[in-house]
Amino acid sequence: MGTHKNRDRISYLPRDVLDNILLRLELKEVVRTSILSSNWRHKWTGISQFVLHDKCIPKRISDKVARWESIMEIIRQVQLCHDGAIEKFKLAAYCRPDHSDLDQWIRFLTGKGLKELILQEFDSVKRFNLPFCLFSSPLLNRLELFGCRFKPPSAVIEFRSLTTLRLNRVCISDRMLECLVSNSPVLERLILLDIDHQIVLRIRNPNLKYLRVDSKFDDICLEHSPLLATVDIGLRVGVTPQFFDSGGGQLVRIIGRLHALRKLTLSSAFLRFLGNISVPDRLPTMLQHLSVLELKDVRLDSMTEVMVCLCIFRSAPNLEKLLLSVAGTTAYSRPSVEFLISQSLSNLYFEQLKEVSIRAVQGVIPELMLIQFLLARSPVLKKMTVVHYGSERLRGESLQQFVPASKDVKIFNLSM
């Protein structure tokens, strides 16, 4: 009876419960459990997730190569002792990986039932060539890569289970990216950040729901992606479109086909690209599901950008939230201001708009015209936030002169 009372109850918990406890500890602490008792000597070798970050490396080690060697000590222990599946590996440490070590480790992981591979920012003299075996991992559902190079033959790529793909500072051709996306039949989330070369983005996947692009690119094609609900496109694009325009301009060709769109985020540079040939009054098919629109660094002294914004406004009858930041300008741009005035007199209302935020306001005429326009044409508006970048808020009388269409709207005038 006494033996039962004194028994180490944790040691005799079910294996899946023990694994769950170990996964909540730092990896360094997990390995240390092997010295607790003979019972615990090998328990850490069965955990299914390994996250290597800066806390796994002794603080005294600052050299990037030496820090990788410290990580390799852990990896060698895992390769020697681990006896189960490894479903997740994440590298998120400041170090300079040896490419042959990393290649061997990824090959080891692909034979262990890998489901998540995450390589975050690390230091590298040149891009790491991914081993071919990674591109036919049947269980892999999340792949986040940094500082890598894609060179597999297209016949090798088959990600049957991949739902999330994030590429940051990778070297990849436009054909390889197209093949990678189209050969991932259940892909839902695609994130492209700082791709090495300015390429054409052909995004074709019938299951894709989320797309974020924050990188230079020449052109973009979003055909055959009918479920895209969230799209965020930033940074610079090429001057000349690469795809044939059958009429209606780039706005119709790219945005006009996103019929499932719920949230749209566009940069100033991409707005200019969308309007560089022609801008229709409205899109041929309404964006019925678009409820959140974010426009970054819009130049209100640019007639092209203003026209593209208004086209999207007219094409989104159920817009509920508008987030807008304006680029700094002190110029009075008569064409765009007069165009805004003419639009404020036209039959354009934001019937469902409830919240507006306008940031980086300087108080110049185009900005005031936009604020007046939105207040006058939003009958159910609940909240408008105007953020002035500077030591003082926008002058109160500038806002008080505008008559809002909504009786319930609250205007917050802030400074940053």
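Two strands count as paired if DSSP finds at least two bridges between them. Helices (H or I, at least four residues) and strands (E, at least two) are themselves DSSP runs, numbered from the N terminus.

## What you are looking at

This is a predicted model, where local features need pLDDT of at least 70 and side-chain atom pairs count only at pLDDT 80 or more, while totals for chains, interfaces and linings use all residues. Residues are numbered from 1 along each chain as its sequence is written, and side-chain values use heavy atoms, with hydrogens and water left out.

## Strand S5 and its partners

Let's start with S5, residues 142-146. S5 pairs in parallel with strand S7 (residues 164-168) over five bridges, and Leu-145 sits opposite Leu-167 of S7. Strand S3 (residues 116-119) also runs parallel to S5, joined to S5 by three bridges. Here Glu-116 stands opposite Arg-142 in S5.

How enclosed is S5? Four of its five residues are buried, so the rest of the structure largely encloses S5. Buried means under 20% relative accessible area, exposed means over 50%, and partly exposed is in between (1.4 Å probe, protein chains only).

## Strand S17 and its partners

Now for S17, residues 383-388. Five of the six residues in S17 are buried, so this strand too is largely enclosed by the rest of the structure. Strand S16 (residues 355-361) pairs with S17 in the parallel sense over five bridges, with Val-356 opposite Met-384 of S17. To get from S16 to S17, the chain passes through helix H11 (residues 365-376), and this β-α-β crossover is right-handed. Right-handed means that, with the strands pointing away from the viewer, the path from the first strand over the helix to the second runs clockwise.

S17 also pairs in parallel with strand S18 (residues 410-415), over six bridges. In that pairing, Val-387 has Leu-414 of S18 as its bridge partner.

## The cysteines

Cys-311 lies in helix H9 (residues 303-314) and is buried, with a relative accessible area of 0%. Setting aside neighbours within four places in sequence, Cys-311 is in contact (heavy atoms within 4.5 Å) with Leu-251, Val-279, Pro-280, Asp-281, Arg-282 and Leu-283. Leu-251 is 60 residues away from Cys-311 along the chain, yet their C-alpha atoms are separated by 8.9 Å.
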